[in-house]
Amino acid sequence: MNVRGKTYRAVWMPGRDVVVIDQRLLPHRFKLLRLRNHRETAEAIRNMTIRGAGTIGATAAYGMAQAFLEGVSLPKAYETLVTTRPTAVDLKHALDRVLVEAHDAKTAVAVAERIADEYVARMKRIAEIGCPLIPKNGRVLTHCNAGWLAIVDWGSATAPIYAAHRKRRGVFVWVDETRPRCQGAHLTSWELLNEGVPHKVIADNAAGYFMRHGDVDLCIVGADRIAANGDTANKLGTYEKAVLAKENGIPFYIAAPSSTIDPHCPNGDSIPIEERSEDEVHFVGETRVTPRGARAANPAFDVTPAKYITGIITERGIHKPGEVRKLWRQ
Ligand code: MRU
């Protein structure tokens, strides 16, 4: 997508290095980072230099290709990469694909490229399929960053929004700030500004206010893992937005590629939820906002039960949550 008139993907591999946009520095600094081996690539996933389910998947696939090029032990490299973040299942699906489909360094790079390209193609389909859900002058609420930074290009939740904007349908976006890491405020707002999409960032606890006042026409969010029954893990706070949406009669959509479906998780209770450092809650930037000695809890994701989800938009169509089991594709 567009950054100061130039198009970028969130990750790519020119030669032996993996290049990513350092998402920790956005929105105030735009810096590319070169990751020189699979260990650096794994660390960039772990420390959230890059994040978002699809970008994690593509980056891990490139990391596995680097391991092939380095000639290191492939099971060890797989283990290093797969343990970086536990909830986003695209990570494992992408790594498995490289292991199964590649037989040498050259084919490993080609498989990783294919995975990244498929994300882009699938997001373009999600843009086309999801766009008609947005009414003219529609107001969409989204949570976290399920934009192009999170899934190589276009975004999952943002793809229908970008399509509607390009068709001049007058779309407007409410962007949840998404404490504690503020992916909405830092990343989604930056993306939407670059594309010229009208939006406002709102405090996380403001969504109910705007829904109750009739200011939200629909919600579209991304997913980190969709269980076989349609229960969906996404950034912490998604669940409460879905409950509020149902209470206020607002359609609530998940947008995700079929690679985010995990047929091995029967329901949301079996999705592993990443627990992150307390400090992400204690500190806003450099400033501690809790009293010294206070403890904090910091689950990174929550699960939205299928009953709150109006539909799941994949590259293959719009599905009822209960229908996703048969759609899974690596
Ligand atoms: O912790 P993050 O920033 O990786 O979480 C990202 C999200 O929860 C996104 O909504 C999700 O990955 C879907 S984006 C394709």
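## Strand β7 and its burial

A residue is called buried here when its relative accessible area is under 20%, and in this predicted model strand β7, which spans residues 172–176, is mostly covered by that criterion, with five of its five residues buried. In a regular strand the side chains alternate between the two faces of the sheet. In β7, Phe 172, Trp 174 and Asp 176 point one way, while Val 173 and Val 175 point the other way, and all of these residues are buried.

## The parallel neighbours of β7

Strands of a sheet pair through backbone hydrogen bonds, either parallel or antiparallel. Strand β6, made of residues 139–142, runs parallel to β7 and is joined to it by four bridges; within this pairing, Leu 141 has Trp 174 of β7 as its bridge partner. Trp 174 also belongs to the set of β7 residues that point the same way as Phe 172 and Asp 176.

## A mixed four-stranded sheet

An open sheet of four strands is also present, with the order β13-β10-β11-β16 and mixed pairing. Its edge strands are β13 (261–262) and β16 (301–304), each of which pairs on one side only. Strand β10, residues 225–227, runs parallel to β13 and is connected to that strand by two bridges, with Ile 226 standing opposite Ile 261 of β13.

## Domains and their interface

The chain is divided into domain 1, covering 2–123, and domain 2, covering 133–327, and the centres of these two domains, taken over C-alpha atoms, are separated by 22 Å. Across the boundary, 33 residues of domain 1 are in contact with 36 residues of domain 2.

The size of an interface is often given as the accessible area lost when the parts come together. For domain 1 and domain 2, the area buried between them is about 2900 Å², and carbon and sulfur atoms give 57% of that area. On the domain 1 side, Thr 87, Arg 122 and Met 123 supply 23% of the area that this domain buries against domain 2, which is more than any other three residues supply.

## A buried loop residue

Thr 49 lies in the loop between α1 (38–46) and α2 (53–70), and with a relative accessible area of 1% this threonine is buried. When neighbours within four places in sequence are left aside, Thr 49 is in contact with Val 20, Ile 21, Asp 22, Gln 23, Arg 24, Leu 33 and Ala 44.

## Cysteines

How many disulfides does the model contain? With a cut-off of 2.5 Å between cysteine sulfur atoms, the count comes to zero disulfides. Cys 219 counts as buried because its relative accessibility is 0%.

Conventions. Residues numbered from 1 in each chain as written. Predicted model: local features only at pLDDT ≥ 70, side-chain atom pairs only at ≥ 80, totals over all residues. Heavy atoms only, no water. Buried < 20%, exposed > 50% of the residue type's maximum accessible area, 1.4 Å probe, protein only. Pairing = 2+ DSSP bridges. Domains from an automatic or database assignment. Contact = heavy atoms within 4.5 Å. Buried area = accessible area lost by both parts, 1.4 Å probe.
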